[in-house]
Amino acid sequence: MTSYTKEVISDLIAGQLPWPQTRRIMSTYKDEDRFFKVIEVLQERVPWDDPILLPISDHLFICQSGSERVTKCECGHSFGDYRRNWKLQALINVRCTEASLREIYPNNDIPDPDWMEIREFICPDCSTIHEVEAAAPGYPIVHDFEPDLEGFYREWLKKPLPEGPS
Ligand SMILES: [Zn+2]
């Protein structure tokens, strides 16, 4: 059986791996228990009761919220339906000037602001920076992935996706 390093597992838990890789690791493990143990730990960490269906980054989760499945911040802020790009509902800080780039690269060469900007996606309630992306100015906001939630539960976890109240 393939064994993965602790870093890979922790990236997996933190949702920092691309979706296809996450699926591959999940399927290699053949250990749906692991997934639910992780979910259990995460669920204890958050101050709300909506069941977590899938962690997508350190402090961001897809969860069952009443009859909806939403992307939710650890603080409880909802970014709406998980199939929509949550980044469009976030506060966005764009670093597109030398001075603002210098704040995050104090000792290094900074990227040329004519060619690259840094976008920080921030929770409007708790100010957590959920994601940072580098892109050419004018390039559309990246939709990282839309997880196949049903397929993931059915094929990899062999469990039905928990249903919300109807
Ligand atoms: Zn928040």
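Residues are numbered from 1 along each chain as its sequence is written. Because the model is predicted, local features need pLDDT of at least 70 and side-chain atom pairs pLDDT 80 or more, while totals for chains, interfaces and linings use all residues, and side-chain values use heavy atoms, without hydrogens and water.

Student: How many aromatic pairs are there?
Tutor: Glad you asked! Rings of Phe, Tyr and Trp (its six-membered ring) pair if their centres lie within 6.5 Å; planes under 30 degrees apart are stacked, over 60 edge-to-face, and the rest tilted. By this rule, the count is three.

Student: Is Trp-48 buried or exposed?
Tutor: Buried means under 20% relative accessible area, exposed over 50%, and partly exposed in between (1.4 Å probe, protein chains only). Trp-48 has 9% relative accessibility, so this residue counts as buried.

Student: What class do the rings of Trp-86 and Phe-121 fall into?
Tutor: Here the centres lie 6.2 Å apart. With planes at 75°, the pair is edge-to-face.

Student: Which residue has its charged end over the ring of Phe-121?
Tutor: A charge sits over a ring if NZ of Lys or CZ of Arg is within 6 Å of the ring centre and within 35 degrees of the ring normal. At 5.0 Å from the centre of the Phe-121 ring, the charged end belongs to Lys-87.
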